[in-house]
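User: I'm new to this one. Can you walk me through it?
Analyst: Go ahead and ask.

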Amino acid sequence: MVAQEVAARRQKIIGLREEIAQLRTVHNLIAPINALPPELLSMIYSYADSSSIKNTNIINITHVCRHWRDIALRTPSLWARVGLGHPIGFKAFLERSKALPLQITLATRPQISILNTLGLIVAEHARIRTLDVRIGALWVAINITFRTLFLPTPKLEELSIEMVADPGARLYLDQLRAPTDFDGAPSLRSITLREAPLPYLPKGPNALTKVSLTGQLPTLHTLVDLLVRSPLLEVLDLSGSFDHMETSADLRKVALAHLRTLEIEGDPPQNFQSLLRCLVLPKGTDITISTRLSMGEDFSFVVPAYNSPTPLEFGTLQGLRRLELIWGPGSMSLLAYRNADEFLSPALDIQADADHYTTGRRFFGDWPLDASRLETFVVCGSCTRSTSYDRTVVAREPWAVMLEALPALKTLRLMSLSRTTLIPCVQEITKHRTSPLFPGLETIEIFDVAMPDASWVRLQEFVMARSPAAGGSLKRVELFNVDAHVWGPPMPSEIRRVGVKLAINEDEGSDDDMEGAEMKDVTEEGKGA
């Protein structure tokens, strides 16, 4: 009797719960949001986890109410992005996604369950569109992942693999270092590998538009093979050790007519220079090179000179309008831009770090680019008026090489240079020549420097000689935070009379009425008098 009563009451509770659920369903159906068409609701759901890797918020949506759950379960596209590691959840997503292409993100861990999940991926290889895997220490997981890649994946468009393997797993990876030809992924557009070997060489010509390799890079021959087969490539990013890359040149030339971005980071520089010599690039390619120089190496180890017997065949290196040379303790930067007034997005960006003192060729002159059309030249050191020491000293000979290579120069900016660097610069600028340096010079800007009066006087004489009154093109001289009292009265009036604007902002001020001026043009009547 007691058991029967318990069963009856349980059944009654179940019935009451069902009635409550139905009432809630009716209540939810009249909610304003549920008046929206199911297609619109499903579209809203798709944004719930747009930035999440695991896509678990869609599960929470199915727990809101029956109406929402029914809509979510009837929308396979909401389940086509899979990021769960547990095989039960992973399988549920696969079933609910029906036959749609899959976007899979998986971080493997040293657990047996992850192997079951990898097995599910293998079974669905034909409909994988995006595969992003972070492989942990299990060499079995590595084995399964790479075995999957050699199955036909006709819909695979994006492949990303990151290796976090122990020494034992590395032994297995060493066997995968030589990629073989593979034509089972005809739609592949992007390969991103972090500490992972290149699994195969896609058959060419392929559809790849992006290749990003980080860590131990393939050999030069393998890289050239990959690039030859990828004529549509838009982004090439190589970062890691080039130690094993042979320095002997690969004689093949690879024309990448669609390449927008080339980024190379690593060392030793002379090894990746072999790769650079193989490339033929258009004018629209933005090039970034970052390396570290060892003892005995200088900037010339990074790239060849533009006028060398074997220059780089990069269209980017032609027609540039702005060049910046910037150095500091242990670092050098060469930045070149397509426009004279541009300073945010360089077409050429070369960075070199070194613990030892080094500059050498290719930095102070003998550049890797065509300098004939440069209109703006910026030189910035690591010295200030209060800290005059700078271990980088540019002698007169390098200044001569640099300045004579700039026939189209309009703006010269000198910043944070030591006396020992600035004095020979002024000497070379003011040197008497049969044919003057940069005849179209319009602006001279000098910031944060200290220089002897004699050098300032020579510069003043140069300004007067290149002024509009003397038949020259110089229109403006700008001085900021400089020790230049020789520019005080009556010099501003004299400069004004020859048609040149003079703007001064002295850090400590002076005794005349220019004291405290903030970049004031002293071209108005009475100013500086």
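User: Which residues form one aromatic cluster?
Analyst: Phe299, Trp327, Phe363 and Phe364 make up one aromatic cluster. Rings of Phe, Tyr and Trp (its six-membered ring) pair if their centres lie within 6.5 Å; planes under 30 degrees apart are stacked, over 60 edge-to-face, and the rest tilted. This is a predicted model, where local features need pLDDT of at least 70 and side-chain atom pairs count only at pLDDT 80 or more, while totals for chains, interfaces and linings use all residues. Residues are numbered from 1 along each chain as its sequence is written, and side-chain values use heavy atoms, with hydrogens and water left out.

User: How many aromatic pairs does the whole structure have?
Analyst: The search finds 10. One of them is Trp327 with Phe363, edge-to-face, at 6.3 Å centre to centre and 75° between the planes. This pair links distant parts of the chain, 36 residues apart: Trp327 is in strand S15 (residues 322-328) and Phe363 is in the loop between strands S17 (348-353) and S18 (376-380). Helices (H or I, at least four residues) and strands (E, at least two) are DSSP runs, numbered from the N terminus.

User: Is Trp327 buried or exposed?
Analyst: Trp327 counts as buried, at 4% relative accessibility, and Phe363 is buried too, at 0%. Buried means under 20% relative accessible area, exposed over 50%, partly exposed in between (1.4 Å probe, protein chains only).

User: Why is the pair of Trp456 and Trp487 edge-to-face?
Analyst: Because their planes are at 80°, with the ring centres 6.3 Å apart. Trp456 lies in helix H13 (residues 453-465) and Trp487 in the loop between strand S21 (476-480) and helix H14 (491-497), so the pair ties together parts 31 residues apart in sequence. Trp456 is buried at 0%, and Trp487 is buried at 1%.

User: Switching topic: where does Arg96 lie?
Analyst: Arg96 is over the face of Trp79, 4.6 Å from the ring centre. A charge sits over a ring if NZ of Lys or CZ of Arg is within 6 Å of the ring centre and within 35 degrees of the ring normal.

User: And the protein overall, how many helices and strands?
Analyst: There are 14 helices and 23 strands. Of the 529 residues, 49% count as buried.

User: What share of contacts with a separation of 6 or more comes from residues 24 or more positions apart?
Analyst: The share is 70%. A contact means heavy atoms within 4.5 Å.
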